[in-house]
Amino acid sequence: MKYNKFYIGLSKDGQPYNFILFRPQKNTVRIELKLPRTDDTDKLIESAGFEALDYDLRFGYYRLPLQKEDVANKREQLKQLIEAAYKNRTAH
């Protein structure tokens with residue numbers, strides 16, 4: 001793991017491996033998933049009931065603020081999104 005004042009990122013063999021970022025906030029943790037914007041991903045986020053922020057076109061991230069209960073109640077949907085981001089990262 002790699003962290004600084006603004007975010008917590010992942011690393012692999014000492015190099016950044018940021019298919020997902022964690023941005024701690026006062027009452028939430030915002031995750032940013034590096035995924036291309038697709039209708040399927042939009043539907044998954046919407047159907048799970050996530051409070052999605054705008055899609056970051058510049059860096060290609062979905063931004064989702066998570067509450068403590070989101071992690072417990074939406075575990076499967078989070079797992080699908082994280083796996084998709086990982087597969088997208090390893091495909092390059």
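I began with burial, keeping in mind that this is a predicted model, and I found that buried residues make up 30% of the 92 residues in the protein.

Next I looked up the secondary structure, and I noted three helices and seven strands, which follow one another along the sequence as β-β-β-β-β-β-α-β-α-α. The radius of gyration is 13 Å, close to the 12 Å that the globule rule gives for 92 residues, so the protein is as compact as a globular protein of that length. Taken along the principal axes, the box filled by the C-alpha atoms is roughly 35 × 30 × 25 Å. I also checked the contacts with a separation of 6 or more, and 49% of them are between residues 24 or more positions apart.

For the charges, I counted 17 positive and 13 negative side chains, and the centres of these two sets lie 8 Å apart.

My last entry follows the strand pairing around β6. Strand β5 (residues 20-24) and strand β6 (residues 29-34) run antiparallel and are joined by five bridges; the two form a hairpin with four residues between them, and F22 has I31 in β6 as its bridge partner. Strand β6 is also joined to strand β7 (residues 61-66), again antiparallel, by six bridges, and in this pairing I found K34 opposite Y61 of β7.

Definitions and conventions:
Residues are numbered from 1 along each chain as its sequence is written. This is a predicted model: local features need pLDDT of at least 70, side-chain atom pairs count only at pLDDT 80 or more; totals for chains, interfaces and linings use all residues. Side-chain values use heavy atoms; hydrogens and water are left out. The radius of gyration is taken over C-alpha atoms; the globule rule is 2.2 Å times the number of residues to the power 0.38. Buried means under 20% relative accessible area, exposed over 50%, partly exposed in between (1.4 Å probe, protein chains only). Contact means heavy atoms within 4.5 Å. Lys and Arg count as positive and Asp and Glu as negative; His and the chain ends are not counted. The place of a charge is taken as NZ of Lys, CZ of Arg, CG of Asp or CD of Glu. Two strands pair if DSSP finds at least two bridges between them.
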